[in-house]
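Here is a walk through one protein model, written for someone meeting it for the first time. Keep the picture open as you read, and follow along from strand to helix to pocket.

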Amino acid sequence: MHIGLIGLGKMGFNMRERLRQGGITVTGFDRNPDRTDVASLPELVAALPVPRIVWIMVPAGAVTDQVVQDLANVLEDGDLVIDGGNSKFTDDQVHAAQLAEKGIAFLDCGVSGGVWGLQNGYGLMAGGSDEQVARAMPIFDVLRPEGAREESFVHVGDTGAGHYAKMIHNGIEYGLMQAYAEGYELLEAKDIVKDVPGTFAAWQKGTVVRSWLLDLMVKALNEDPGLSKVAGYVEDSGEGRWTVDEAIANAVPAPAITAAVFARFASRQEDAPSMRMVAALRNQFGGHTVRPASRGSA
């Protein structure tokens, strides 16, 4: 199988490598000349066998909108576009209709795994038709971790369902990180506690709160025990807000996720230890940029 991949950033670059290691030929296109395999989008399309499959891995919103528009102008009837970014599920329905006018199929695929996906594999959540999911299954099987397919891949439902599931996944992620971070601040605040990093390390096996996020928390504390190098300023990439919007729209109580989103807003007003931990965790699993701590916050 030979596919195109647009967007060779933090995740796309590693996904190209994992696919190649799994026996899939990948022609990548990126604006960075040091990473791209071809010089232009038409050159990418010309390099792919017909019918073509093109995976998009670019920032959600206007950038994805433009890439979809560009692909609609150069792809042909029978081709398939897969959006693996963090697009909002309502955008998927617009993109699918736009491409369908040219006879081009569309799948949306939520992807989780961050910068560790090359080594560990990616959790995948697909939306779209049974026919197109089956067509793309060799790609999904290479990207996901080894083991039972149902433990790392799901065909969630119709167009938009994959990104909807990823949105909820990220909303849960917000709540989990916030709980760990608040526990960290409580332990740091108590004078009788002498080994905060060791406490979290001791929770890694045998406890009900053990998780990969906890492992990454221990890693972050080993690298920077007091988190003195990380400012307590935490960005949000949109999925948490969208999750809260959906909770309101569907009258589903989501107090933990909502509070976690609001805590990120609060982080932009003061340098709280819990927010330094959330920033450190985002850097650990996703390679997200952290702001350096100011001199007075060490």
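What joins strand E6 to E7? Four bridges do, with E6 covering residues 123–127 and the two strands running parallel. Before going further, keep in mind that this is a predicted model.

Now zoom out to the sheet that these strands belong to. It is an open sheet of seven strands, and reading across it you get the order E2-E1-E3-E4-E5-E6-E7, with mixed pairing. Strand E2 (25–29) and strand E7 (153–157) are the edge strands, each pairing on one side only. On average, neighbouring strands of the sheet are turned by 25° against each other, if you ignore direction.

Which strands does helix H4 touch as it packs on the sheet? Helix H4, residues 89–100, touches strand E4 (80–83) and E5, and its direction makes about 150° with that of E5. Helix H6, residues 130–143, packs on the sheet too. H6 touches strand E1 (2–6), strand E3 (53–56), E4, E5, E6 and E7, and its direction makes about 35° with that of E5.

Next come the helices that pack on one another. Two packed helices are described by the angle between their axes and the distance between the axes. Take H7 and helix H11 (residues 255–267): they pack at an angle of about 70°, with their axes 8 Å apart. That angle makes H7 roughly perpendicular to H11. On the H7 side, the contact is made by Gly-171, Ile-172, Tyr-174, Gly-175, Met-177 and Gln-178, while H11 brings Ala-256, Ile-257, Ala-260, Val-261, Ala-263 and Arg-264. By class, the residues of this contact of H7 with H11 divide into eight nonpolar, three polar and one charged.

The contact of H11 with H12 has three nonpolar, one polar and two charged residues.

H12 has a contact with H9 as well: the axes of H9 and H12 come within 9 Å and cross at roughly 105°. So H9 and H12 are roughly perpendicular to each other. On H9, look for Trp-212, Leu-213, Leu-216, Met-217, Lys-219, Ala-220, Leu-221 and Glu-223, which meet Met-277, Ala-280, Leu-281, Gln-284 and Phe-285 in H12. The residues of the contact of H9 with H12 divide into 10 nonpolar, one polar and two charged.

How much space lies in the largest pocket? About 1,300 Å³. The largest pocket is lined by 48 residues, and the closest to its centre are Met-11, Met-57, Val-58, Pro-59 and Asn-86. The elements that give two or more residues to this lining are helix H1 (10–21), helix H3 (62–74), strand E5 (105–112), helix H7 (161–189), helix H9 (212–223), helix H10 (239–249) and helix H12 (273–286). H7 supplies the largest share of the pocket lining, eight residues. Sorted by class, the lining of the largest pocket has 22 nonpolar, 17 polar and nine charged residues.

There is also a cavity to find. A search of the whole structure finds one cavity of 30 Å³ or more, and the largest cavity has a volume of about 30 Å³. Asn-86, Ser-87, His-163, Lys-166, Met-167, Glu-239 and Trp-242 line the largest cavity. H7 gives the most to this lining too, with three residues, and the lining of the cavity divides into two nonpolar, three polar and two charged residues.

Finally, two details of the backbone. Most residues other than glycine have a negative phi, and most peptide bonds are trans. The peptide bond from Val-50 to Pro-51, though, is cis, with omega near -5°; Pro-51 lies in the loop between helix H2 (41–47) and E3. Leu-227 has a positive phi of about 50° although it is not a glycine, and Leu-227 lies in the loop between H9 and H10.

Note on methods. Residues are numbered from 1 along each chain as its sequence is written. This is a predicted model: local features need pLDDT of at least 70, side-chain atom pairs count only at pLDDT 80 or more; totals for chains, interfaces and linings use all residues. Side-chain values use heavy atoms; hydrogens and water are left out. On a 1 Å grid over the protein atoms alone, a cavity is a set of points where a 1.4 Å probe fits but cannot get out, and a pocket is an open set with protein on both sides within 12 Å along at least five of seven lines; lining residues have an atom within 4 Å of a point. Grid points are joined across faces, edges and corners, and a volume is the space filled by probe spheres set on the points. Ala, Val, Leu, Ile, Met, Phe, Trp, Tyr, Cys and Pro count as nonpolar, Asp, Glu, Lys and Arg as charged, and the others, Gly among them, as polar. Two strands pair if DSSP finds at least two bridges between them. Axes are lines fitted to C-alpha atoms, for helices over the stretch in contact, and angles run from 0 to 180 degrees between N-to-C directions. Contact means heavy atoms within 4.5 Å. Angles under 35 degrees count as roughly parallel, over 145 as roughly antiparallel, 65 to 115 as roughly perpendicular and the rest as oblique.
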